[in-house]
Amino acid sequence: MQIMPLRVIIVDDSREMLATVGRIIDKQVDMELIGVASGVDAGVALVRWWQPDVVVLDVNMPDGGGLRAAQEMGVVAPGARLVAFSAFATTLIRRAMTAAGVCAYVSKSGDVRELLDAIRAGVTSPL
């Protein structure tokens, strides 16, 4: 029996981050990058259309940020796991993102394996 790869969308306003994380995901045999977006509106539209398994979501974006994106994505794709990927990791931001439906919170300054583990597991990181 063949296991289907996790279908992943990345939403981040940094083109460099989109490219870097995209390359990392493309190298994983158990993941498939199905889309990238550089803003909340485009990200929500992609998630609505593709219904991914996982969305890697930047927290700090100029058009409403990860909080707005998480709330809207939870409505249009309730089965998608949302993984926050951010340089901002205050307790208040983590709690707000968790309340909005994020299942894991990974620091951009951490090891890339943390991000891959969060995509695979979808477990909540300690606050």
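A residue is termed buried when its relative accessible area is under 20%. The legends below describe a predicted model.

**View 1. Strand β4 within the protein.** Strand β4 covers residues 81–86. Five of its six residues are buried, so β4 is largely enclosed by the rest of the structure. Across the protein, buried residues account for 43% of the 127 residues.

**View 2. Pairing of strands β3 and β4.** Strand β3, formed by residues 54–57, runs parallel to β4, and four bridges join the two strands. At Leu57, the bridge partner in β4 is Ala84.

**View 3. Order of helices and strands.** The protein contains five helices and five strands. Followed along the sequence, these elements give the pattern β-α-β-α-β-α-β-α-β-α. Among contacts with a separation of 6 or more, 65% involve residues 24 or more positions apart.

**View 4. Overall dimensions of the C-alpha trace.** The trace spans about 40 × 30 × 25 Å along the principal axes of the protein. The radius of gyration is 13 Å, which agrees with the value near 14 Å that a compact globule of 127 residues would have.

**View 5. Surface and charged side chains.** The accessible surface of the protein amounts to about 6,700 Å², and carbon and sulfur atoms contribute 58% of it. There are 12 positive and 14 negative side chains in the protein. The centres of these two sets lie 2 Å apart.

Note on methods:
Residues are numbered from 1 along each chain as its sequence is written. This is a predicted model: local features need pLDDT of at least 70, side-chain atom pairs count only at pLDDT 80 or more; totals for chains, interfaces and linings use all residues. Side-chain values use heavy atoms; hydrogens and water are left out. The radius of gyration is taken over C-alpha atoms; the globule rule is 2.2 Å times the number of residues to the power 0.38. Buried means under 20% relative accessible area, exposed over 50%, partly exposed in between (1.4 Å probe, protein chains only). Contact means heavy atoms within 4.5 Å. Accessible areas come from the Shrake-Rupley method with a 1.4 Å probe; for residues, only the protein chains shown count as cover. Lys and Arg count as positive and Asp and Glu as negative; His and the chain ends are not counted. The place of a charge is taken as NZ of Lys, CZ of Arg, CG of Asp or CD of Glu. Two strands pair if DSSP finds at least two bridges between them.
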